[in-house]
Amino acid sequence: MSESTQVAIVGAGPAGLMLGHLLHLRGIDSVILENRSQDYVIERVRAGVLEQGTVDLMNEVGVGQRLMREGMRHDGLYFAFNGDRHHIDLAGLTGGRAITVYGQNEVVKDLIAARVATGRPLHFEVGDVSVHDFESGAPRVRYTRDGQSHEIVCDVIAGCDGFHGICRPAIGSHLRIYERTYPFAWLGILASASPSSPELVYSLHERGFALFSMRSPSVTRLYLQCAPEEDIANWPDDRIWEELRTRLRTSDGWEPNQGPITQKSITPMRSFVAEPMRRGRLFLAGDAAHIVPPTGAKGLNLAMADVWRLANALVEFYGSSRQSLLDTYSDRGLRRTWRAQRFSWWMTSMLHRFEDESPFDHRRQLADLEYLVSSRAAMTSLAENYVGTPLD
Ligand code: RFL
Ligand code: PHB
């Protein structure tokens with residue numbers, strides 16, 4: 001079956017769904033294709049920290065009501081090392097900007113509801129998605145649905161299909177890849193336990209990194225550094241709690257509250273950039289184009305910044321037939337991406353134990369943290385990066 005649209009969007013993660021919504025608001029037609037089921041996409045536990053710019057965007061496009069009600073605004077965060085917790089006043093150092101803790105799956109739920117309300121197409125559980133002719137003026141996307149083959153003829157394809165998608169590989173050797181893998185992973189859990197601190201705690205301990213976060217007044221989210229090929233079967237709940245308490249407990253007696261673990265998973269750590277973010281009429285956005293290690297909490301926020309920029313460029317393209325914003329989409333995106341790469345790499349390097357580190361390396365890490373929590377200039381630099389720069 002053949003169909004046509006203006007923009008074919010591959011992937012219904014935060015990037016694809018937000019792009020579809022931004023285009024809808026400007027009267028631009030799109031079809032969103034997702035290979036997973038709606039339940040899978042909604043239940044996938046991932047990011048939790050939204051930058052100020054992401055929160056503002058959600059509000060501006062009319063999907064921020066539940067975020068405003070249920071999201072947890074945090075004006076600061078803690079760094080813990082050598083047994084002490086140190087507070088950083090994010091809002092005070094950035095003229096009132098802050099982060100909001102709100103699960104990525106909640107963002108996705110809100111965006112799916114908004115899409116469904118528009119009546120525009122959003123197809124889950126499609127198969128064999130492939131992209132064609134994007135170096136011409138009439139690209140096409142093929143897929144199967146309920147056993148039937150489909151083809152979409154469109155003006156532009158948006159590759160919002162994440163790190164393991166098909167759009168980036170379709171550009172192949174035209175891309176230059178920059179990559180770093182880290183010699184550790186994160187074991188993450190959700191627990192039914194009230195958060196014992198109102199703000200996040202990033203900790204560097206002798207035994208490795210740990211992070212205290214949350215999802216709601218009754219759900220705590222915790223992570224700990226583990227080996228990259230770690231088998232989750234080696235981590236019964238008691239071992240996870242013992243390790244988390246050891247790494248997070250501070251000399252003032254603070255530690256996370258314990259409760260039943262409802263979800264656990266292991267996430268590898270990677271920095272990755274594909275340049276440029278465009279080939280012809282195929283534009284990459286979000287994790288399809290770049291991955292940051294989660295330590296800086298930037299991935300979802302970068303994805304949102306990409307599609308905001310892409311939507312503006314498409315509005316110009318359809319409104320005036322000019323392509324100047326489409327032509328600068330990649331360069332402007334890569335500037336923001338590399339800023340986030342640097343920050344995420346720095347946070348990751350400062351807060352994890354490395355197998356091959358020397359005693360000098362470890363003391364230098366501690367000196368980095370000492371400086372961070374004692375210099376207003378260093379805290380301001382952290383704060384401005386952590387809350388995120390305005391969308392550009
Ligand atoms: P996604 O979310 O991966 O969505 C891509 C979608 O495309 C679908 N797909 C396909 N659809 C059709 N055809 C195909 N061939 C397809 N192949 C794939 C997929 O099923 C999926 O639905 O990418 P997007 O939209 O670019 O969003 C990026 C974010 O998901 C990601 O950057 C964040 O989760 C990263 N991240 C964090 N980011 C933050 O900003 N703040 C955080 O606090 C934060 N914490 C995290 C994180 C990521 C984590 N993990 C699990 C990697 C914490 C963790 C543990
Ligand atoms: C989370 O709450 O899932 C979270 C918080 C901070 C990070 C990464 C993940 O750096």
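Okay, let's start at the ligand: helix 1 (14–25) and helix 9 (299–320) each supply at least two residues of the shell around ligand 1. Helices here are DSSP runs of H or I with at least four residues, strands are runs of E with at least two, and both are numbered from the N terminus. Helix 9 gives the most to that shell, four residues.

Quick housekeeping. This is a predicted model, where local features need pLDDT of at least 70, side-chain atom pairs count only at pLDDT 80 or more, and totals for chains, interfaces and linings use all residues. Residues are numbered from 1 along each chain as its sequence is written, chains are lettered from A and ligands numbered from 1 in the order in which they are written, and side-chain values use heavy atoms, with hydrogens and water left out.

Back to the ligand. There are 32 residues around ligand 1, and Glu34, Arg44, Gln104, Asp287 and Leu300 come nearest; to be near, a residue needs a heavy atom within 4 Å. By type, the shell has 14 nonpolar, 11 polar and seven charged residues. Nonpolar covers Ala, Val, Leu, Ile, Met, Phe, Trp, Tyr, Cys and Pro, charged covers Asp, Glu, Lys and Arg, and the others, Gly among them, are polar.

Which side chain has an N or O atom 2.8 Å from an oxygen atom of ligand 1? That's Arg44. A polar backbone atom of Leu300 also sits 2.8 Å from a ligand 1 oxygen, and for Ala15 the backbone distance is 2.9 Å. On its own, ligand 1 has 1000 Å² of accessible area, and the protein covers 89% of that (Shrake-Rupley method, 1.4 Å probe).

Now the aromatics. The count comes to 14 aromatic pairs, meaning Phe, Tyr or Trp rings (the six-membered one for Trp) with centres within 6.5 Å; planes under 30 degrees apart are stacked, over 60 edge-to-face, the rest tilted. Tyr178 and Trp338 make an edge-to-face pair, 5.4 Å centre to centre with 90° between the planes. Tyr178 is in strand 14 (residues 176–191) and Trp338 in helix 10 (residues 324–351), 160 residues apart, so that pair links distant parts of the chain.

Is Trp338 buried, partly exposed or exposed? Its relative accessible area is 36%, so Trp338 is partly exposed; buried means under 20%, exposed over 50%, partly exposed in between, with a 1.4 Å probe and protein chains only. Tyr178 is partly exposed too, at 28%.

Definitions and conventions:
A polar contact is a pair of N or O atoms within 3.5 Å; within protein, one must be able to donate a hydrogen and the other to accept it, and residues adjacent in sequence count only if both atoms are side-chain atoms.
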